[in-house]
Amino acid sequence: MNVAIVLAAGSGSRMRSDIPKQFMLLNGYEVIYYCLNVMQKSNNIDEIILVTKDEDIEYCRKEIVNRYLISKVKEIIPGGKERYNSVYNGLLCAKKRGADIVMIHDAARPLISQRMISDSIEATMSYGASTVAMPVKDTIKIVEENNDGIFGKTTPDRNLLYQIQTPQTFKIDLLIDAYLRLKDSGNYNITDDTMIVEQYTEVPVKIVPGSYENLKITTPEDIFIAENLLKKNIKKTEKNC
Ligand code: C5P
């Protein structure tokens with residue numbers, strides 16, 4: 001069974017808004033609605049676990065899941081202080097429900113597609129772990145800071161650099177095992193789940209092509225960009241009908 005864990009327990013301080021970014025409106029619909037709608041229609045996702053703040057559970061049930069008839073959402077559970085705490089709560093719940101494969105996705109990425117979901121599941125069935133990613137477009141620098149400010153130090157080879165997105169998809173036992181090792185190590189300097197698999201297992205994470213459109217709503221200008229990308233995609237679908 002393939003279970004999606006949708007993460008919506010962040011507060012999004014970079015958005016400068018009282019409403020968490022996953023519940024802000026994009027063309028009249030909440031940001032989180034878009035990924036749930038794609039997953040609801042996917043033949044590759046059997047169930048969805050929604051992870052949100054305690055105080056937002058009832059809102060999610062009434063205003064998102066019931067209102068938009070997202071029947072694959074089987075549990076709405078509380079997240080934790082950091083993203084990895086929210087993922088771990090989702091993982092325990094998915095294991096209890098009998099998941100074989102888990103797909104972790106940021107609710108703040110509304111431009112996930114059916115193609116990304118099916119490619120990720122296929123890659124994970126073959127390799128155990130996968131993430132959606134794209135080659136970086138800009139030159140990236142390692143910097144160092146001294147009393148005069150920030151200075152460039154070295155420049156990694158751009159051909160070897162990818163920007164990592166979600167969905168990230170894993171055989172569940174592999175990811176739980178990696179999380180248990182992370183707990184033992186006590187070193188929580190991590191930003192996503194592929195990092196945990198890299199550090200605590202021998203399994204290389206397969207890179208699946210994502211899209212430059214698959215942005216994470218983070219700062220106010222992302223709302224404008226995402227609204228226009230979503231409008232363009234609707235027009236494209238209408239043209240193909
Ligand atoms: O803050 P950031 O942009 O990295 O958050 C990525 C995703 O993780 C968002 O969808 C956010 O709601 C979620 N998150 C979470 N629990 C946290 C922090 C972030 O579910 N403690």
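Strands in these legends are DSSP runs of E with at least two residues, helices are DSSP runs of H or I with at least four, and both are numbered from the N terminus. The model shown in every view is a predicted one.

**View 1. Residue N27 in the loop between strand 2 and strand 3.** Strand 2 covers residues 25-26 and strand 3 covers residues 29-30, and the loop between these two strands holds N27. Although N27 is not a glycine, its phi is positive, at about 50°.

**View 2. The cis peptide bond between T166 and P167.** The bond that joins T166 and P167 is cis, with an omega of about 15°. P167 is found in strand 10, the strand that spans residues 162-171 and that supplies at least two residues of the lining of the largest pocket.

View 3. The shell around the ligand has 16 residues, of which L7, A9, K21, G80 and S86 come nearest. By class, these shell residues divide into 7 charged, 5 nonpolar and 4 polar. Two elements that each supply at least two residues of this shell are strand 1, residues 2-8, and helix 3, residues 83-96.

View 4. A backbone N or O atom of L7 lies 2.8 Å from an oxygen atom of the ligand, while for G80 a backbone N or O atom is found 2.9 Å from a nitrogen atom of the ligand. At A108, a polar backbone atom is 3.4 Å from an oxygen atom of the ligand. Taken alone, the ligand exposes 460 Å², and the protein buries 87% of that area.

**View 5. The largest pocket, with the ligand in place.** The ligand takes up the space of the largest pocket, whose volume is about 910 Å³. Its lining is made up of 36 residues, and among these G10, R14, K21, R83 and K216 lie nearest the centre of the pocket; K21 is also one of the residues that come nearest the ligand. Strand 10 gives the most, with 4 residues. The lining residues of the largest pocket divide into 13 polar, 12 charged and 11 nonpolar.

**View 6. The second largest pocket and the helices that line it.** The second largest pocket has a volume of about 610 Å³, and of the 20 residues in its lining, V38, I112, S113, N233 and T237 lie nearest its centre. The elements that give two or more residues to this lining are helix 1, residues 31-41, helix 4, residues 114-127, and helix 7, residues 220-240. Helix 7 gives the most to the lining, with 6 residues. Divided by class, the residues that line the second largest pocket are 9 nonpolar, 6 polar and 5 charged.

How values were computed. Residues numbered from 1 in each chain as written. Predicted model: local features only at pLDDT ≥ 70, side-chain atom pairs only at ≥ 80, totals over all residues. Heavy atoms only, no water. Near = heavy atom within 4 Å. Polar contact = N/O pair within 3.5 Å; in protein donor to acceptor, adjacent residues only side chain to side chain. Areas by Shrake-Rupley, 256 points an atom, 1.4 Å probe, with all protein chains shown as cover. 1 Å grid on protein atoms, 1.4 Å probe; cavity = no way out; pocket = protein on both sides within 12 Å on 5 of 7 lines; lining within 4 Å. Sits in = over half its atoms within 2 Å of the grid points. Nonpolar A, V, L, I, M, F, W, Y, C, P; charged D, E, K, R; others polar. Points joined across faces, edges and corners; volume = space filled by probe spheres on them.
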